[in-house]
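Please look through the sequence and the model before reading on.

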Amino acid sequence: MATFLYKLGRLTFRRRRFVALIWVALLALAGFGAASASTATSSSFSIPGTEAQRAFDLLEQRFPGASADGATARVVFKAPEGEKVTDAANKGEITGIVKELRSGSDQVAQVADPFEAQAVSQDGSTAYISVSYKVNSMELTDQTRDALEEAGKDAQGSGMKVEIGGDALQVMPHTGTAEIIGVVIAAIVLVITFGSLIAAGLPLVTALIGVGIGVSLITALANVLDLGSTTPILASMIGLAVGIDYALFIVSRYRAELADGREREDAAGRAVGTAGSAVVFAGLTVVIALVGLAVVNIPMLTKMGFAAAGTVAIAVVIALTLVPALLGFAGKRVMGRKARKGAKAAESTDAKGAKTPSRDKAEETAKGADAKPNMGTRWARFVLRRPVWVMLVGILGLGVIAVPAASLEMGLPDDGAQPKSTTQRQAYDMLSDGFGPGFNGPLMVVMDGKDSSDPKAAAERVSKEIESIGVVAVTPARFNKAGDTAMITVIPKDRPSSHATEEVVHDIRDAGRGIKADTGAEVLVTGATAMNIDFSQKMNDALVPYLALVVGLAFLLLMLVFRSILVPLKAALGFLLSVIAALGAVVAVFQWGWLGSLFGVEQTGPIMSMMPIFMVGVVFGLAMDYEVFLVTRMREAYVHGESPGQAIVTGFQHGARVVTAAAVIMMAVFAGFIGSGEQMVKMIGFSLAVAVLFDAFVVRMAIVPAVLALLGRKAWWLPRWLDRALPNVDVEGEKLQKQLTEGPAASGSDSGSDSDGGDGHGDERELVRV
């Protein structure tokens, strides 16, 4: 592989104009497709195999037009002090708003008058209008949302407090500001790392091109493939992260090859042949993690994973082709100013090759730079002196942080987790104060009496069984026209995301089994609250299989890369440790409330059920990036004859600075989302940022070299039979090195050294021969 990538890097460097033109054309075509495509709607959300989903499907079949999975809203009214909502003036205002809502949009399915639906509190201070829609929240038009928001403004003028809750106002969180902040911080870190604006700009430009192509393709195909409006967010986040990382690795290796005296075209080939090999396998691990989301068996997540994986694949191809092409355009400006001055001094030789004083000075400067170890070298040597202590401190530290993860409770946040300034949160609080917390999450019980001899008697028994469980209210059963299916609304005592409400759902389902055995009628519990509970359970059940699949496949892939058993095993175990520690930190902040005010957590509650799997997929990919890039350089040094300890130092000398920069960039990108007003976005940003912090700086930078130091040569051991069975992909470039050493024609002349990108043909036949 290294040989093929070496030739690819040289070819793209030589044909840089053509390569750049191809990528610009692809970006333009993808952008045109996205601009001409119809606006994407939300991907149909379903959870196959759950009771809540079966109930929804049954309602669509037996109650046509009921829009059971449509968006809902509650317009909550609170009368002024000393008044009641039943007073003539206030009642007239509310009745007028009911009429206004019914005629405000053709997407409205039903509007319930609070005075007819008994939606007035006992003290008469609070009332609410229930609004149901024909489509889900993401398919509501702006006109429909505007009509809902405008409905209560007139009532506010009369002195009543009016707030709106429900998922009808739910929109995709805007993340543009966070992404801009992340890109700005990334640019600053890259400038500091490289000391050159050109070198810093290359990873940003290529990452943005890759994200632009990926997101544009997703937008263009959204309606055809039912991808939905949520998919581009994940794709852009992952694409930006890995795109910067991969280009950063290639550019860094290219600069190192130039510093070793390589000609520019040869340096580009060697950079793609070595660092590019690491990029290919790091990209494969990310793709495995994202495609593995199909294990959860939730169509929306599966499509999001495949779309994001496609964006990662684009980032890999760009790193292998567009980056070396742009390096050709950049010339020697890719090096810092000091390095360019040193190169000019080194070129000051006489016609016979004799050294001039400036040449001597340049060599002395280079030797001095080599003699002075960088921060990565000093840290590696420290770890080699104290491997046991470094390993123990790292493992015990992450172990302590991981303790809260044992108390992990998963669920989906409700409006009670919204900031107190939002209308959704205020409507939530008003309903809790006027009616009780359970009114924010009513349960829908569906009774299928098709196989029952007396459906009405079965429905009465269902109602009595539910009342005995202990709930606030149970509405009379409402039958369909055929009289074989009934809907019963149940109001629990506690808030939707509470453990008590989850127990109520399980108790109703347990009672339903006895009812079915006695009457033949099947009892199903659904509604937004039950759907969230089932969704959380499904995600919880899928977490271990997902981890096993992702870690197992990545172990095999890394075994192929490193020709070792213990190195991949150590990588996988280290990743699990960092993930569990990150989960512990999330539980401590968002579930227990520790340091909650520092991160803007206004109400604690269960951890969003999608977050652990989402975090595993994203962080696993990034962690393997750092592992592959850092340890591949160690493996390369070891294969080329260095001792195990010296190979660790060499790996850190060349890779620590780049991995540190990549990790800081990713932390900045993810931490930008912590400032979001959305609890869900805030939680995702925090979890990803701390997970990258733990994995990059504790696991990869401390525990990994400590373990390798303790293992010594055993770290690179592989049984002979397995060594013969596994294909040699030559990631470390051993075969490439031999070929370049033995065959001078392989390196060729620096025909691309001209700054304007000349297209000489001298050794092109050798370049394209694979």
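Buried means under 20% relative accessible area, exposed means over 50%, and partly exposed lies in between, with a 1.4 Å probe and protein chains only. Accessible areas are computed by the Shrake-Rupley method with a 1.4 Å probe, and for residues only the protein chains shown count as cover.

## Basis of the model

This is a predicted model, in which local features need pLDDT of at least 70, side-chain atom pairs count only at pLDDT 80 or more, and totals for chains, interfaces and linings use all residues. Residues are numbered from 1 along each chain as its sequence is written, and side-chain values use heavy atoms, with hydrogens and water left out.

## Overall picture

The protein has 26 helices and 11 strands. These are DSSP runs numbered from the N terminus: helices are H or I with at least four residues, strands are E with at least two. Of the 770 residues, 54% are buried. The accessible surface comes to about 32,600 Å², and carbon and sulfur atoms hold 59% of that area.

A contact means heavy atoms within 4.5 Å. Among contacts in the protein with a separation of 6 or more, 79% are between residues 24 or more positions apart.

## Three residues in helices

Gln653 belongs to helix α22, residues 644-671. Gln653 has a relative accessible area of 34% and is therefore partly exposed. When neighbours within four places in sequence are left aside, Gln653 is in contact with Asn374 and Thr377. Between the C-alpha atoms of Gln653 and Arg633 there are 9.5 Å, and the two residues are 20 residues apart along the chain.

Thr285 is part of helix α10, residues 264-291. With a relative accessible area of 0%, Thr285 is buried. Apart from neighbours within four places in sequence, Thr285 is in contact with Leu557, Phe620, Gly621 and Met624.

Leu26 sits in helix α2, residues 16-36. Leu26 is partly exposed, because its relative accessible area is 38%. Together with Phe18, Ile22 and Leu29, Leu26 makes a nonpolar surface patch of about 400 Å². Patches consist of residues with over 30% relative accessible area and no salt bridge; like charges are joined within 9 Å, and nonpolar side chains (Val, Leu, Ile, Met, Phe, Trp, Tyr) within 5 Å. A salt bridge is a side-chain nitrogen of Lys or Arg within 4 Å of a carboxyl oxygen of Asp or Glu.

## Aromatic pairs

Rings of Phe, Tyr and Trp (its six-membered ring) pair if their centres lie within 6.5 Å; planes under 30 degrees apart count as stacked, over 60 as edge-to-face and the rest as tilted. The whole structure holds eight aromatic pairs. In one of them, the ring centres of Tyr128 and Phe435 are 5.1 Å apart and the planes stand at 80°, so this pair is edge-to-face. Tyr128 is in strand β3 (residues 126-133) and Phe435 in the loop between α16 (423-434) and β6 (443-448), so the pair links distant parts of the chain, 307 residues apart. Tyr128 and Phe435 are both buried.

Another pair is Phe575 with Phe620: the centres are 4.7 Å apart and the planes at 80°, so it is edge-to-face. Phe575 lies in helix α20 (residues 566-591) and Phe620 in helix α21 (residues 611-639), so the pair ties together parts 45 residues apart in sequence. Phe575 and Phe620 are both buried. Tyr128, Phe435 and Phe439 form one aromatic cluster.

## Charges over rings

A charge sits over a ring if NZ of Lys or CZ of Arg is within 6 Å of the ring centre and within 35 degrees of the ring normal. Arg74 lies over the face of Tyr128, 4.7 Å from the ring centre. The charged end of Arg16 sits over the ring of Phe13, at 4.9 Å from its centre.
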